[in-house]
Amino acid sequence: MGYRLLADATAIVHFLFVAYVVVGGFIAWRWPRTIWLHLLAFGWGFSTVLFTIECPLTNLENWARHRAGEAGLPSSGFIDYYITGVLYPRSALEEVRVLVVICVVVSWVGLVWLSRRRGARTAAAK
């Protein structure tokens with residue numbers, strides 16, 4: 001039962017990480033210093049898709065599921081198993097990837113705009 005809980009907890013953390021890759025730039029609008037964490041998360045997430053790098057969270061979940069006597073994730077990985085075909089049709093995969101990149105770029109552009117606006121407001125107050 002412990003390994004099953006670890007596998008499920010790992011899947012939850014993985015979902016949260018994927019969500020953060022998508023919306024972390026918007027979180028930085030409120031807490032600007034978190035942009036560095038988002039840049040790292042996006043870089044890692046993007047590289048796992050672009051270069052098919054194995055994710056340690058997928059490896060941990062597979063290890064725990066095997067220890068619990070369950071089947072691991074397919075070789076195609078976490079996103080293919082839990083998200084593609086579940087949250088959007090498999091035929092829309094490329095469009096979803098483009099939308100994710102657009103979402104991230106919009107969040108970064110918005111952060112730059114907000115930062116400049118805050119800087120102008122601070123300079124005007126002096």
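The largest pocket of this predicted model holds about 1100 Å³ of space. A pocket here is an open set of points on a 1 Å grid over the protein atoms alone, where a 1.4 Å probe fits, with protein on both sides within 12 Å along at least five of seven lines. The volume is the space filled by probe spheres set on the points, which are joined across faces, edges and corners. Lining residues have an atom within 4 Å of a point; there are 38 of them, and Gly45, Thr48, Val49, Ile79 and Arg97 are the closest to the centre of the largest pocket. Two or more lining residues come from each of H1, helix H2 (35-50), H3, helix H4 (78-83) and helix H5 (93-125), with H2 giving the most, 7 residues. Helices are DSSP runs (H or I, at least four residues) numbered from the N terminus. By class, the lining has 24 nonpolar, 11 polar and 3 charged residues, where Ala, Val, Leu, Ile, Met, Phe, Trp, Tyr, Cys and Pro count as nonpolar, Asp, Glu, Lys and Arg as charged, and the others, Gly among them, as polar.

How do the helices lie against one another? Take H2 and H5: their axes come within 13 Å and cross at roughly 160°. Axes are lines fitted to C-alpha atoms, for helices over the stretch in contact, and angles run from 0 to 180 degrees between N-to-C directions. H2 and H5 are therefore roughly antiparallel to each other (angles over 145 degrees; those under 35 count as roughly parallel). Ile35, His38, Leu39, Phe42, Phe46 and Val49 of H2 touch Arg97, Val101, Val104, Trp108 and Leu111 of H5, contact meaning heavy atoms within 4.5 Å. These residues divide into 9 nonpolar, 1 polar and 1 charged.

Helix H5 also has H1 as a partner. The axes of H1 and H5 come within 8 Å and cross at roughly 10°, which makes H1 roughly parallel to H5. Residues of H1 in this contact include Val21, Phe26 and Trp29, and those of H5 include Cys103, Leu111 and Arg118. The contact has 12 nonpolar, 3 polar and 1 charged residues.

Finally, H1 (residues 2-30) meets H3 (residues 56-67), with axes that come within 8 Å and cross at roughly 160°. The two are therefore roughly antiparallel. Among the residues in contact are Tyr3, Leu6 and His14 in H1 and Leu57, Trp63 and Arg67 in H3. The contact of H1 with H3 divides into 9 nonpolar, 3 polar and 5 charged residues.

Residues are numbered from 1 along each chain as its sequence is written. In this predicted model, local features need pLDDT of at least 70 and side-chain atom pairs count only at pLDDT 80 or more, while totals for chains, interfaces and linings use all residues; side-chain values use heavy atoms, with hydrogens and water left out.

Methods. Parallel < 35°, antiparallel > 145°, perpendicular 65-115°, else oblique.
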